[in-house]
Amino acid sequence: MQRTRLNWLLASLAALTLTACSGAEEQPAAKPDPVHFESGDECHVCGMLIEGFPGPKGQAITEKNQQVRKFCSTRDMFAWVLQPENVNRAHTLYVHDMAQTDWQNPNDTALINAREAFYVVGSSRDGAMGPTLASFASKSDAEGFANDHGGRVLAFNQVTMEDLTTGMGMHSKAGMDHQ
Ligand code: CU1
Ligand code: ZN
């Protein structure tokens, strides 16, 4: 009797350990930290130099080989993310929180998880390529920005390809101050 009970105990312990191990293996690797934008960095989508242009930037660290992709604007980041080969991937994505930093010269200390951010589409403020999506960590900051500069607030998952083109159309006046 004793012995059977011991065997049973050992067996269940072994099973527990096995479960714990395979569980640990399935856990995704820790999310990589954002990297700095450096002078000379080029946008992965449009090829232009990223530095020296206003508005929030984006970056992606790819799911597979942890390759860094940098984008001149949130708009170009979404143009890449929404491609069929990327849209279902767990790429790590960062954008600037424009509540924490200057529109003309966003600082990398303000990079936040793009998937948890809120975006103002169709505002009057331009990014590196003209119309862009203003990114914010907090929904109320995004709403405040939309009150001041127009546009509507979307969560990451609500942004579509159409928002990158037609959604920008309501913007008209402030579009020409590129220096
Ligand atoms: Cu560009
Ligand atoms: Zn670009």
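Predicted model: local features only at pLDDT ≥ 70, side-chain atom pairs only at ≥ 80, totals over all residues.
**Entry 1: the chain as a whole**

How many of the 179 residues of the protein chain count as buried, as a percentage? I looked this up and got 40%, where buried means under 20% relative accessible area, exposed over 50%, and partly exposed in between (1.4 Å probe, protein chains only). Residues are numbered from 1 along each chain as its sequence is written, chains are lettered from A and ligands numbered from 1 in the order in which they are written, and side-chain values use heavy atoms, with hydrogens and water left out.

I found five helices and seven strands in the protein chain; helices (H or I, at least four residues) and strands (E, at least two) are DSSP runs, numbered from the N terminus. Along the sequence they follow the pattern α-β-β-α-α-β-β-β-β-α-β-α.

**Entry 2: the sheet**

Next I traced an open sheet of four strands, ordered β2-β1-β3-β4 with antiparallel pairing; two strands pair if DSSP finds at least two bridges between them. β2 (68–71) and β4 are the edge strands with a single partner strand each, so one side of each has no neighbour in the sheet. On average, neighbouring strands are turned by 25 degrees against each other, direction ignored. Axes here are lines fitted to C-alpha atoms, for helices over the stretch in contact, and angles run from 0 to 180 degrees between N-to-C directions.

I counted four bridges in the antiparallel pairing of β1 and β3. Glutamine 59 sits opposite tyrosine 94 in β3. α2 packs on this sheet and touches β1, β2 and β3, its direction making about 160 degrees with that of β3; contact means heavy atoms within 4.5 Å.

How many of the eight residues of α2 are buried? I found seven, and among them are Met77, Phe78 and Trp80.

The largest nonpolar core has 29 residues, and Met77, Phe78, Leu93 and Tyr119 touch the most other members. Such a core is a set of buried Ala, Val, Leu, Ile, Met, Phe, Trp, Tyr and Cys residues joined through side-chain atoms within 4.5 Å. The largest share, five residues, comes from α2. Setting aside residues up to four places away in sequence, methionine 77 touches partners including Phe71, Leu93, Val95 and Tyr119. Another core, of eight residues, lies apart from the largest one and includes Phe136 and Ala142.

**Entry 3: the metals**

Which residues coordinate the copper ion (ligand 1)? I noted Cys46 (SG), Met48 (SD) and Met129 (SD), at 1.9 to 2.2 Å. Donors are N, O and S atoms within 2.8 Å of the metal (3.2 Å for Na, K and Ca), and water is not among the atoms, so sites may look incomplete. The donor spacing in sequence reads C-x1-M-x80-M. Cysteine 46 also bridges the copper ion (ligand 1) and the zinc ion (ligand 2), which lie 3.4 Å apart.

I checked the cover too: cysteine 46 is partly exposed at 33% relative accessibility, and methionine 129 is partly exposed at 36%.

**Entry 4: a histidine in β3**

Is histidine 96 buried or exposed? This residue of strand β3 is buried, with a relative accessible area of 0%. Leaving aside neighbours within four places in sequence, I listed contacts of histidine 96 including Phe37, Pro56, Asp108 and Ser135.
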